[in-house]
Amino acid sequence: SSGINAEYGDSANLLSSLCKYHLTSTVFLSKQEILSTYGSDVLRNIQSLEENNVEVLFSVDATNLPPALCQRQYDSIHFNFPHTGGKGKISENRKLLVDCFKSLQTVVKATGNVG
């Protein structure tokens with residue numbers, strides 16, 4: 001599931017229209033892995049999010065959410081298409097999606113959405 005919102009660009013773009021909401025932006029990789037993979041461009045996006053009161057979390061496995069996130073209820077969850085990496089791994093990617101949806105259903109409100 002590496003690469004889920006990895007560059008935080010989507011979250012930065014959504015920020016202007018969603019600033020009235022509490023936003024949490026997550027990524028599977030650690031902060032160090034993100035910085036070493038994507039360089040200074042991603043750092044600017046992370047800083048922009050944090051300066052606008054977006055909670056930025058690293059090392060989050062969407063198939064097994066940490067307890068602190070499991071205690072929350074979200075109105076909406078947006079994610080980039082999670083994938084296992086590489087080509088020809090359709091069954092692995094399907095399993096990843098199923099596991100993500102199972103995990104996310106525990107933190108999205110009954111009237112909320114995931115997409």
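Buried here means under 20% relative accessible area, exposed over 50%, and partly exposed in between (1.4 Å probe, protein chains only). The model is predicted, so local features need pLDDT of at least 70 and side-chain atom pairs count only at pLDDT 80 or more, while totals for chains, interfaces and linings use all residues. Residues are numbered from 1 along each chain as its sequence is written, and side-chain values use heavy atoms, with hydrogens and water left out.

Let's start with helix α5. Helices (H or I, at least four residues) and strands (E, at least two) are DSSP runs, numbered from the N terminus. In α5, the buried residues are N93, L96, L97, C100, S103 and L104. They sit on the same side of α5, because they cover an arc of only 130 degrees around the axis, taken from the directions from the helix axis to the C-beta atoms. Exposed S91, R94, K95 and K102 are carried on the face turned away from that buried side. The cover over the buried residues includes β3 (74-77) and β4 (108-114).

S103 of α5 counts as buried because its relative accessibility is 10%. Leaving aside neighbours within four places in sequence, S103 is in contact (heavy atoms within 4.5 Å) with A62, T63, N64 and L65.

| Helix | Residues in the contact |
|---|---|
| α2 (residues 31-38) | I34, L35 and Y38 |
| α3 (residues 40-51) | S40, D41, V42, L43 and I46 |

The two helices pack at an angle of about 130 degrees, with their axes 6 Å apart.

Terms used:
Axes fitted to C-alpha atoms, helices over the stretch in contact; angles between N-to-C directions.
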